[in-house]
Amino acid sequence: MVMWLGLAHLGMVAFAAACGSDGSCVSNSLDDQDDEVAMLQGESNMEKKGGAMQVEQPRLGDGRNGQAAVFGAVGALQEGLCHFLGVDRQSLGKVAEQFSTSTEFCYERSQFPPNCWAQKPGPATATCTVDSGRITCKCPPTGQVGCHIDNLPAATGRCASKMVYAANGTVHHSGGETDVTGKAQEKYCKNMVKNDQWQTKHLLAASSDGPASTDDGWWGCKWKSDYTWNDGKCRRKARYIGESCWDGWWGNGHCAGSDTSYDEYSTSCYEAKCMPFAWVQDRKECKCAWFGWNFLVACSAAKDQCGGHACVLSGKDGKKYCDYATAQNWGSII
């Protein structure tokens with residue numbers, strides 16, 4: 001049984017889940033991150049398989065006309081729902097495009113575009129900083145998410161244009177699937193966007209906000225107006241970057257900044273922690289809650305799987321995934 005609720009909940013920001021950044025009503029807000037995750041998974045396989053890096057890509061191969069037809073029907077449903085709700089898909093697409101992050105791949109033994117390896121930056125290339133701007137730089141060692149720079153509380157750097165070079169990389173095609181083998185990757189950034197307004201915008205906790213949690217018990221916590229009981233702890237209702245977060249009622253547990261989408265200072269509740277949206281690495285698979293918002297292509301996630309963000313139908317494989325670009329107000333009852 002699914003409880004259908006009023007449409008007022010779906011403002012443009014929240015409904016970004018169903019209307020994608022390309023103007024079509026298909027969730028693709030983190031497609032670039034998905035590609036990067038595939039490469040990261042490949043890197044982990046390198047360690048396990050003696051230097052062999054393998055990447056599988058989603059596909060709609062021969063003999064899948066029926067599946068393609070299903071996706072086409074879903075797309076038509078999404079288009080109709082966007083039109084019914086009066087969502088300006090073109091404006092939404094432009095907002096997402098301004099925040100876009102692109103990644104280019106070059107494999108040494110399967111070069112495309114042709115001669116891309118010859119354009120690989122030299123060994124003297126400086127390591128990226130938040131002030132690198134449009135000067136090509138080398139991404140920091142593992143630990144800095146997606147070539148982004150964490151110099152909080154002062155600033156962060158978001159790599160808006162990244163290049164990945166795979167040494168001895170070779171692309172293999174078989175039965176509609178694509179694998180990549182290689183030995184190592186080097187990552188470079190061509191456009192580092194500096195963001196230094198996190199404190200000004202109050203997306204980081206200030207001393208006046210009080211501690212993120214206190215030692216009060218359940219009864220004592222009830223008398224603190226700015227705190228609530230969550231997961232066995234008395235926690236501040238308002239949450240900020242670096243703090244735990246959750247799908248709470250009346251905004252409790254929500255991250256400051258999670259009500260905006262595709263903005264340099266948008267935040268997400270990812271893996272139960274508030275962080276800049278740009279740092280989100282992949283979309284977690286999710287299922288719709290029995291009771292909550294449900295618009296077929298976007299719904300409330302069951303068991304707080306998405307931290308209050310929408311659970312959205314993907315046009316790639318027909319499954320649902322958390323869309324951390326949506327507002328953190330898709331809470332479920334159970």
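This is a predicted model: local features need pLDDT of at least 70, side-chain atom pairs count only at pLDDT 80 or more; totals for chains, interfaces and linings use all residues.
Residues are numbered from 1 along each chain as its sequence is written, and side-chain values use heavy atoms, with hydrogens and water left out. Local features need pLDDT of at least 70 and side-chain atom pairs count only at pLDDT 80 or more, whereas totals for chains, interfaces and linings use all residues.

The model contains 10 disulfides, each defined as a pair of cysteine sulfur atoms within 2.5 Å. A disulfide is a covalent bond between the sulfur atoms of two cysteines. Three of them are described here, including the bond between Cys159 and Cys189. The sulfur atoms of Cys159 and Cys189 lie 2.3 Å apart. This link is right-handed, with 115 degrees about the S-S bond. It joins distant parts of the chain: Cys159 sits in strand β4 (residues 155–167) and Cys189 in strand β7 (residues 184–195), 30 residues apart. Strands (E, at least two residues) and helices (H or I, at least four) are DSSP runs, numbered from the N terminus. Cys159 and Cys189 are both buried. Buried means under 20% relative accessible area, exposed means over 50%, and partly exposed falls in between (1.4 Å probe, protein chains only).

A further disulfide connects Cys255 and Cys274, with 2.1 Å between the sulfur atoms. Its torsion about the S-S bond is about -90 degrees, so the disulfide is left-handed. Cys255 lies in the loop between β10 (233–236) and β11 (267–270), and Cys274 lies in strand β12 (residues 273–276), so the pair ties together parts that are 19 residues apart in sequence. Cys255 is buried at a relative accessible area of 4%. Cys274 is also buried, at 1%.

Cys306 and Cys322 form another disulfide, and their sulfur atoms are 2.1 Å apart. The torsion about this S-S bond is about -80 degrees, so the link is left-handed. Distant parts of the chain are again linked: Cys306 is in the loop between β13 (298–300) and β14 (310–313), Cys322 is in strand β15 (residues 320–323), and the two are 16 residues apart. Both Cys306 and Cys322 are buried.

The structure holds 11 aromatic pairs. Rings of Phe, Tyr and Trp (its six-membered ring) pair if their centres lie within 6.5 Å; planes under 30 degrees apart count as stacked, over 60 as edge-to-face and the rest as tilted. Trp293 and Phe295 form a stacked pair, 6.5 Å centre to centre with 15 degrees between the planes. Trp293 counts as buried at 17% relative accessibility. Phe295 counts as buried at 5%. Phe295 also pairs edge-to-face with Trp330, at 6.4 Å centre to centre and 85 degrees between the planes. This pair links distant parts of the chain: Phe295 is in the loop between β12 and β13, and Trp330 is in the segment after β15, 35 residues apart. Trp330 is buried, with a relative accessible area of 0%. Elsewhere, Trp117, Tyr165 and Tyr188 form one aromatic cluster.

Lys224 lies over the face of Tyr227, 5.9 Å from the ring centre. A charge sits over a ring if NZ of Lys or CZ of Arg is within 6 Å of the ring centre and within 35 degrees of the ring normal.

On the surface, Trp218, Trp219, Trp223 and Trp229 form a nonpolar patch with about 560 Å² of accessible area together. Patches are made of residues with over 30% relative accessible area and no salt bridge; like charges are joined within 9 Å, and nonpolar side chains (Val, Leu, Ile, Met, Phe, Trp, Tyr) within 5 Å. A salt bridge is a side-chain nitrogen of Lys or Arg within 4 Å of a carboxyl oxygen of Asp or Glu. Accessible areas come from the Shrake-Rupley method with a 1.4 Å probe; for residues, only the protein chains shown count as cover. Trp229 is in strand β9 (residues 227–230). It counts as partly exposed at 35% relative accessibility.

The peptide bond from Leu152 to Pro153 is cis, with omega near 10 degrees. Pro153 is in the loop between β3 (149–151) and β4. Asp231 is not a glycine, yet has a positive phi of about 50 degrees. Asp231 is in the loop between β9 and β10 and is exposed, with a relative accessible area of 66%. Tyr262, also a residue other than glycine, has a positive phi near 55 degrees. Tyr262 is in the loop between β10 and β11 and is buried, with a relative accessible area of 7%.
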